[in-house]
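Please open the model in your viewer and keep the selection panel at hand. The tour below goes from one selection to the next and says what is there.

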Amino acid sequence: MTGSAVGFLDILLLIAFSSLFSLGGGNGPLAIIQDRWVNSGLLEPALFSWALALGYLSPGPKAGFLSAIGFYMYGLPGAFAAILGIILPTLIGAGAVSFWFERLQPAIRRISLPAGFVIAGMISAAAWNLAVPIAPGPVEVLAIIAIAIWVWWRSPEPAFIVLGSAGAGLMLWALG
Amino acid sequence: MTTEPADPTVAKRLQPSDTSHVPLATLSLILFKIGATSFGGLWAATQKLEQELVVKRGWLTAADQKALMIAATLIPAPKFLAFGGMVGFRLRRWPGSVVALFSIMVPPALCVLAGAIILNPERLGGPMPQVTHTVSIGVIGLLFGNALHQIRSAQIGLRERILGIGLGAAVAGSAIAGAPLIVSALVGLTLGVCLIRPTEDPA
């Protein structure tokens, strides 16, 4: 768990803002969280990874990982703030698109194309910054490359990768 | 990234329908069930959604569902969540959207929260440090893979693709070098809007 430097409103606002980088299905919020809270030392990289892993293992929208992030930052109120933070902009977006679909679609389509590449860059930076404190060895770097190629090529269910990684960890621990 | 052309029939299908008889409690229950039993994101859940919303309940037609799924990609929010919000809005306007969003979000949020409380790597000893480490390796691979997948899924020409990859690399490079990520992203987005244009449809 991390410090109380971040409060309910901070969590709500950052998550709400970060949802803007979900355009076209990209997971921009994780990059924003990584940048604002993990890089600044407010949230431990291991807890951030753990929250993501739990999100991949859970049913429903992957945004569920935000509840763990909020919890690590500010306890149960933080978890609620994080969920509220992702729901509010979605609510506004759902209403706006329902009413003004025809008017909004060309503009959003225009932004969506470059947004995909920008979000890819943001996610790459998040992955890089997550890897730095872990300092992976050569075998682990190869594992990261192999997983990245597999995901890019075959789009496997992320839960399998998380479960496989956890299983590998258990085996390594058992082998001493 | 969506490249769907503007379609006036989609716009009609997004308008609130005359289904105000749908009780909010039922809407909540069905979306909670969908949230609790769907794995793999919005596209993987298509059949389950159709079964619940089109076949069993008759709240939407198959075409309505497709229109809502297309529109959900336009909302800057997780697609699955956006879809739920739009279904709620179509059935019961704002109250329906609020109920739908919370109902679809509660199952994953509770699962993750329970995992975070019970399996806290800071408190548990034993294999947890090793498991956390290998899971982190897996998550890093997943993130890089997702970034590559995001680039691959763009339906644009070669020139735009090369520009986009350069843009993404510049955003990543500047953020890794220490520039504020949000500034890098906004500058990248502005440049991208100027440089990367949708491929014209032959029709």
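From the N terminus on, how do the elements of chain A run? They run α-α-α-α-α-α, and the secondary structure of chain A comes to six helices and zero strands, where helices (H or I, at least four residues) and strands (E, at least two) are DSSP runs numbered from the N terminus. This is a predicted model, in which local features need pLDDT of at least 70 and side-chain atom pairs count only at pLDDT 80 or more, while totals for chains, interfaces and linings use all residues. Residues are numbered from 1 along each chain as its sequence is written, and chains are lettered from A and ligands numbered from 1 in the order in which they are written.

The C-alpha trace of chain A spans about 60 × 40 × 30 Å along its principal axes. Buried residues (20 or more other C-beta atoms within 10 Å of their own, with C-beta atoms placed from the backbone) make up 58% of the 176 residues in chain A.

Next, show chain B beside chain A. Here 99 residues of chain A are in contact with 91 residues of chain B, two residues being in contact if their C-beta atoms, placed from the backbone, lie within 7 Å. Which helix of chain A gives the most to the side that touches chain B? That is α4(A), with 47 residues. The residues of this side of chain A divide into 66 nonpolar (Ala, Val, Leu, Ile, Met, Phe, Trp, Tyr, Cys and Pro), seven charged (Asp, Glu, Lys and Arg) and 26 polar (the others, Gly among them).

Now select A:F117, which lies in helix α4 of chain A. A:F117 is buried, with 31 other C-beta atoms within 10 Å. Leaving aside its neighbours within four places in sequence, A:F117 is in contact with B:I151, B:G164, B:I165, B:L167, B:G168 and B:G192.

Finally, colour chain B by pLDDT, the predictor's confidence in each residue, from 0 to 100. The mean pLDDT of chain B is 83, and 85% of its residues reach 70 or more, but over residues 1-5 of chain B pLDDT stays under 50. For the complex, the predictor gives an ipTM of 0.80 and a pTM of 0.79.

Notes:
A residue is buried if 20 or more other C-beta atoms lie within 10 Å of its own, exposed if 12 or fewer, and partly exposed in between; C-beta atoms are placed from the backbone.
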